[in-house]
Amino acid sequence: LTHECRKLEETFLHAYVDGEFSPEESGEVKAHLAECPMCAHAVRLHQSYKAAMLRANATAPHPFYDDVREGLLHEADPGRWARAFQRPSAIAVAAACAGAALWFLAGGLSHPIFSTHSLIEDGVALHARALPLDYPSSDPRSAQQWLEGKLDFGVHLPRFAQGARLQGVRLSNVNQRQAAVVTYSLPQGDGRRVSLLIVDDPEPHLPGAARRIADREVWLSRARGFNVASWRNDEIVYSLISDLDEKDVLALVQSAEMR
Amino acid sequence: VILADLQEFSYKEIAEILDCPVGTVMSRLYRGRKLLQKNLLEYAVASGVLQGKQALELGAVVEEEEAVEVLEFKRRA
């Protein structure tokens, strides 16, 4: 790898394989990969590494995470950094490094990861990736109870009339805020998946076109092929994300009972 | 590495969990992965999973990367 490509590997290729880029950004990386066999090789290596990690994870005992975390806590000496920073030279070096890092991040490259994502884009990304659930449950009441105390805001899990079945809940973050992603499956289309993103977003304007549905102001928008319908209930924003047609999304929203 | 590769959190989520900037997540993740790969290679050679030419080739890649890293570090210092 050339020096430039090494930098690229560190900052971009891992992020590319890790799925951190938007389609346009991925397109730029792909264009480079097409003409740089070195980077293309690095990407293949990283992909096979990630796949191997997931395979290993499928068979590894789960308390393993806790053991590692414990080990790290014991290994890290909390006084180490404090002592290091008592030496003036260390402070100067640290300051220089921090300065260099700041320059690199601010001017050296306009990093796509630092661009602000809207609520919708983050929500769609969460929906598209279908991450494992923290609390799998088909019972809305127990899911609601599980969520209470996990979030710093109150939620009401809506009930949908159209036979949407609750699958479970996952905790997440959107725009640096706590969020819950509630997953449902629909009877139509072989259990099609619908995500309900719940986040305490103080931004007064929700994205999209406003409609009045069942006494609620609902905003409709599209992102990456998904339809998103957002509404507010007790200050909290609820966004229904799916690949359903707009008509079906509206019917689902209409049937939502917020109690 | 656990958060990213096993639990499949996004960089942003990891930054939240560890309470550090996304840039820090990226650089630590990069270093952690390289370190893990180096240790796994050593383990694979020591336990006989990898032998002969294959081990030498992979070892050479790791060593070359380390050499570049050392050069890089000297250049910056």
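Visitor: Why is C36(A) called buried?

Guide: In this predicted model, C36(A) has a relative accessible area of 9%. Buried means under 20% relative accessible area, exposed means over 50%, and partly exposed is in between, with a 1.4 Å probe and protein chains only. The value of 9% is under the cut-off, so C36(A) counts as buried.

Visitor: What makes C39(A) buried?

Guide: C39(A) has 0% relative accessibility, so it is buried as well.

Visitor: What is known about the confidence in chain B?

Guide: The term pLDDT is the predictor's confidence in each residue, from 0 to 100. Chain B averages 76, and 61% of its residues score at least 70. For the complex, the predictor gives an ipTM of 0.72 and a pTM of 0.45.

Visitor: What makes a stretch of chain B a helix, and how many are there?

Guide: Helices are DSSP runs of H or I with at least four residues, strands are runs of E with at least two, and both are numbered from the N terminus. Chain B has four helices and zero strands, whereas chain A has ten helices and eight strands.

Visitor: How is the packing of helix α2 and helix α3 of chain A described?

Guide: Two packed helices are described by the angle between their axes and the distance between the axes. Axes are lines fitted to C-alpha atoms, for helices over the stretch in contact, and angles run from 0 to 180 degrees between N-to-C directions. For α2 (residues 23–35) and α3 (residues 37–59) of chain A, the angle is about 115° and the axes are 5 Å apart. H32(A), L33(A) and E35(A) in α2(A) meet P37(A), C39(A), A40(A) and V43(A) in α3(A). By class, this contact has five nonpolar, one polar and one charged residues. Ala, Val, Leu, Ile, Met, Phe, Trp, Tyr, Cys and Pro count as nonpolar, Asp, Glu, Lys and Arg as charged, and the others, Gly among them, as polar.

Visitor: Is V29(A) buried or exposed, and which residues are in contact with it?

Guide: V29(A) lies in helix α2 of chain A. Its relative accessible area is 9%, so V29(A) is buried. Contact means heavy atoms within 4.5 Å. Leaving aside neighbours within four places in sequence, V29(A) is in contact with L13(A), Y16(A) and F21(A).

Visitor: Why is R33(B) called buried?

Guide: R33(B) has a relative accessible area of 0%, so R33(B) is buried. R33(B) is in helix α3 of chain B. Not counting residues up to four places away in sequence, R33(B) touches residues including H14(A), D18(A), V1(B) and Y11(B). The C-alpha atoms of R33(B) and V1(B) are separated by 6.6 Å, although these residues are 32 apart along the chain.

Visitor: What makes D19(B) and E235(A) exposed?

Guide: D19(B) has 71% relative accessibility and therefore counts as exposed. D19(B) lies in the loop between α2 and α3 (22–46) of chain B and has a positive phi of about 55° although it is not a glycine. E235(A) is exposed because its relative accessible area is 59%. E235(A) sits in the loop between β7 (226–233) and β8 (236–242) of chain A, and its phi is near 75°, a positive value in a residue other than glycine.

Key
Residues are numbered from 1 along each chain as its sequence is written. Chains are lettered from A and ligands numbered from 1 in the order in which they are written. This is a predicted model: local features need pLDDT of at least 70, side-chain atom pairs count only at pLDDT 80 or more; totals for chains, interfaces and linings use all residues. Side-chain values use heavy atoms; hydrogens and water are left out.
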